[in-house]
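Here's a friendly walk through one protein model, written for someone meeting it for the first time. Have a look at the structure, then read on.

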Amino acid sequence: MNLSEKYDSIAAGLSIGQYCPPRCFELAGKEFRFIMDTGEETGDIVLNFVDETKVQFSVQNGKRSGEANYECRKSDDWTYLVTYCLQDPRENHTFVIDKEQGLVTFLRCPLGENPYYPYLIESHWTFGYIFEEGKEHTDRRRHGFTDDVTGTCVKWTYGHKLATVHVYYSSNWYRITYPRDKSKPEEPVSTENLNNAVTNLLPGPDEPCFYVKIKEGMYLVSCTEQNMEKILGDKMGFRSDTLCFLDNWNRMYSVGRGYGTATHEGKDSEIFVMIGKYASPEEVDEHFFTDPCPYLV
């Protein structure tokens with residue numbers, strides 16, 4: 001029996017989630033209070049991880065609370081990516097819980113805030129620290145936005161048949177391209193076709209991106225396919241999906257999540273997928289770093 005032939009199509013069917021690591025259950029049974037004192041939506045947050053799958057949450061001083069199914073992955077021994085989705089209205093909450101430094105990043109991604117593009121997902125950022133009873137948090141440093149990543153080009157491998165190249169050319173934008181076949185330097189490798197014929201209708205492969213420094217060698221990178229949604233709508237099938245990755249450059253791997261909407265034959269379905277990927281340095285033509293963003297004056 002040839003196991004690679006037997007399981008090839010099964011593994012490939014997992015797509016962007018093929019290399020996702022197993023779920024982390026270390027937070028089960030624990031409760032956290034976060035003092036979110038910097039950013040857009042300051043206030044207390046409480047997360048009570050009831051068990052391996054359920055979390056009770058209260059965000060923005062109780063502005064929104066309830067219970068949700070959560071996913072948790074680790075990027076190193078001390079740093080957790082926690083995420084869950086809500087309905088009515090739809091939004092995703094993603095946290096980086098940094099136990100090493102006692103710090104927290106909160107990313108809230110709602111749909112429907114833009115009256116012209118109802119599928120568009122926005123990103124709201126808040127930073128703070130983990131509250132500990134009887135212990136004063138005197139460190140004034142927080143996770144925060146950075147341009148450290150600017151000038152980086154990397155190939156991310158999501159599965160045995162799926163890889164993309166990210167060009168971080170700006171502190172607010174990124175570009176996506178595809179690996180080249182080393183035996184044919186001028187030919188990009190087709191990665192499951194990736195709807196290239198559709199994306200070629202765009203002025204450029206640029207999308208808005210946020211870069212947050214968590215610690216030395218670790219960054220939370222979040223990009224949202226807003227331009228694709230504004231121009232192509234349901235032609236692509238994916239509607240303003242937002243992807244955030246907790247990139248560990250010391251180990252050259254990343255964990256993340258994808259959130260958004262898929263439209264197929266006029267019917268919408270929710271996208272929520274956990275992601276794992278591995279990094280390797282990649283070279284691209286210089287113009288990927290120097291071309292002006294086609295979406296800015």
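Predicted model: local features only at pLDDT ≥ 70, side-chain atom pairs only at ≥ 80, totals over all residues.

## Starting at R142

Let's begin with a pair of side chains: R142 and D37 are joined by a polar contact of 2.9 Å. A polar contact here is a pair of N or O atoms within 3.5 Å; within protein, one must be able to donate a hydrogen and the other to accept it, and residues adjacent in sequence count only if both atoms are side-chain atoms. The side chain of R142 also has a polar atom 2.8 Å from the backbone oxygen of D139.

Where is R142? You'll find R142 in the loop between strand 8 (124–130) and strand 9 (144–145). Helices (H or I, at least four residues) and strands (E, at least two) are DSSP runs, numbered from the N terminus. R142 counts as buried because its relative accessibility is 17%; buried means under 20% relative accessible area, exposed over 50%, and partly exposed in between (1.4 Å probe, protein chains only). Leaving out residues up to four places away in sequence, R142 touches D37, T38, L103, F127, G128, Y129 and H137, where contact means heavy atoms within 4.5 Å.

Residues are numbered from 1 along each chain as its sequence is written, and side-chain values use heavy atoms, with hydrogens and water left out.

The predictor's confidence in each residue, pLDDT, runs from 0 to 100. For the protein chain the mean pLDDT is 93, and 94% of its residues reach 70 or more. Over residues 183–194, though, pLDDT stays under 50, and the model has 21 contacts beyond four places in sequence for them.

R175 sits in strand 12 (residues 173–177) and is buried, with a relative accessible area of 4%. What does its side chain reach? A polar atom of the R175 side chain lies 2.7 Å from the backbone oxygen of D291, and the side chain of R175 also reaches the backbone oxygen of P292 at 3.2 Å.

T94 is part of strand 6 (residues 91–98), and at 1% relative accessibility T94 counts as buried. The side chains of T94 and T83 make a polar contact of 3.0 Å. Beyond four places in sequence, the contacts of T94 include L81, F106, C244 and R257.

## Salt bridges

How many salt bridges does the structure hold? There are 21, each one a side-chain nitrogen of Lys or Arg within 4 Å of a carboxyl oxygen of Asp or Glu. One of them pairs R64 with E91, with the closest N and O atoms 3.4 Å apart. That pair links distant parts of the chain, with R64 in strand 4 (residues 64–74) and E91 in strand 6, 27 residues apart. Both R64 and E91 are buried.

E91 also forms a salt bridge with R108, the closest N and O atoms being 2.9 Å apart. R108 is in strand 7 (residues 103–110), 17 residues from E91. Elsewhere, E229 and R239 meet in a salt bridge of 2.7 Å, N to O. E229 lies in helix 3 (residues 226–232) and R239 in strand 15 (residues 238–248), so this pair ties together parts that are 10 residues apart in sequence. As for a network, salt bridges that share partners join E41, R64, E91, R108 and E113 into one.
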